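Here is a friendly walk through a single protein chain. Have a look at the model first, and then read on for its fold, its pockets and a few of its contacts.

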Amino acid sequence: RLLGSVVGPRFEGVRYGRFLILGNGLGACAWLASVLVPSTLLTVGLFALAWIPAGASGVLTATLNQRLFPADRLGRVSAIKGTASGATLPLGSLLGGALGDAIGHGTAMALAAAGFGFTAAYVLVRPRLRTLPTVASAEPADFGVTVADES
């Protein structure tokens with residue numbers, strides 16, 4: 001993820017929908033391959049490679065948030081996202097560990113890889129997501145963001 005965060009800004013000129021398809025697709029392939037290869041070194045390398053697109057996506061998403069949401073609402077948006085992801089992490093970890101014990105760790109890891117693949121496939125079949133513009137040119141309307149006046 002750290003390497004992905006470093007290279008993430010280089011993808012601001014790539015259509016975001018295309019980035020999501022390719023990044024999540026490559027992440028899924030690398031993650032699944034990490035489960036299937038017989039070498040521990042290859043497993044670690046491929047698993048690390050699987051997280052590079054996620055790191056880049058994190059940077060692009062943060063940039064999108066800054067471009068799409070008004071400055072006075074950005075704190076709320078960030079807090080909601082952080083709370084939602086932080087609140088679900090322990091539950092996901094618990095369920096993942098239990099699933100690994102029940103069906104085997106390799107099978108559970110392969111299923112987790114399918115999550116990246118599902119995201120890529122979902123964006124691919126949804127025209128509105130597939131055609132999202134570049135982060136550098138994104139406007140709130142491209143993402144259906146409207147801000148109601150609180151006064």
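## Burial and overall fold

A residue is called buried when its relative accessible area is under 20%, exposed when that area is over 50%, and partly exposed in between, using a 1.4 Å probe and protein chains only. By that rule, buried residues make up 26% of the 151 residues in the protein chain. This is a predicted model, in which local features need pLDDT of at least 70 and side-chain atom pairs count only at pLDDT 80 or more, while totals for chains, interfaces and linings use all residues. Residues are numbered from 1 along each chain as its sequence is written, and side-chain values use heavy atoms, with hydrogens and water left out.

The protein chain has seven helices and zero strands, where helices (H or I, at least four residues) and strands (E, at least two) are DSSP runs numbered from the N terminus. Along the principal axes, the C-alpha atoms fill a box of roughly 60 × 30 × 30 Å. Contact here means heavy atoms within 4.5 Å. Among contacts between residues at least 6 apart in sequence, 74% join residues at least 24 apart.

## The largest pocket

A pocket is an open set of points on a 1 Å grid over the protein atoms alone, where a 1.4 Å probe fits and protein lies on both sides within 12 Å along at least five of seven lines; lining residues have an atom within 4 Å of a point. Grid points are joined across faces, edges and corners, and a volume is the space filled by probe spheres set on the points. The largest pocket has a volume of about 320 Å³. Its lining includes Arg 1, Tyr 16, Trp 51 and Phe 116.

Helices α2 (16–36), α4 (52–68) and α6 (105–125) each give two or more residues to this lining, and the largest share, four residues, comes from α4. For residue classes, Ala, Val, Leu, Ile, Met, Phe, Trp, Tyr, Cys and Pro count as nonpolar, Asp, Glu, Lys and Arg as charged, and the others, Gly among them, as polar. The lining of the largest pocket has four nonpolar, six polar and one charged residues.

## The second largest pocket

The second largest pocket has a volume of about 250 Å³. Of its 15 lining residues, Leu 22, Gly 23, Leu 26, Ile 52 and Pro 53 lie nearest its centre. The elements giving two or more residues to this lining are α2, α3 (40–50) and α4, and α2 gives the most, with seven residues. By class, the lining of the second largest pocket has 13 nonpolar, two polar and no charged residues.

## Where α5 meets α6

The axes of helix α5 (residues 71–103) and α6 come within 6 Å and cross at roughly 130°. Axes are lines fitted to C-alpha atoms, for helices over the stretch in contact, with angles from 0 to 180 degrees between N-to-C directions; under 35 degrees counts as roughly parallel, over 145 as roughly antiparallel, 65 to 115 as roughly perpendicular and the rest as oblique.

In this contact, Leu 99, Gly 100, Asp 101 and Ile 103 of α5 meet His 105, Thr 107, Ala 108 and Leu 111 of α6.

## Two buried residues

Which helix holds Ser 34? Ser 34 sits in α2, and it counts as buried because its relative accessibility is 4%. Leaving aside neighbours within four places in sequence, Ser 34 is in contact with Thr 43, Leu 46 and Phe 47.

Asn 65, in helix α4, counts as buried at 11% relative accessibility.
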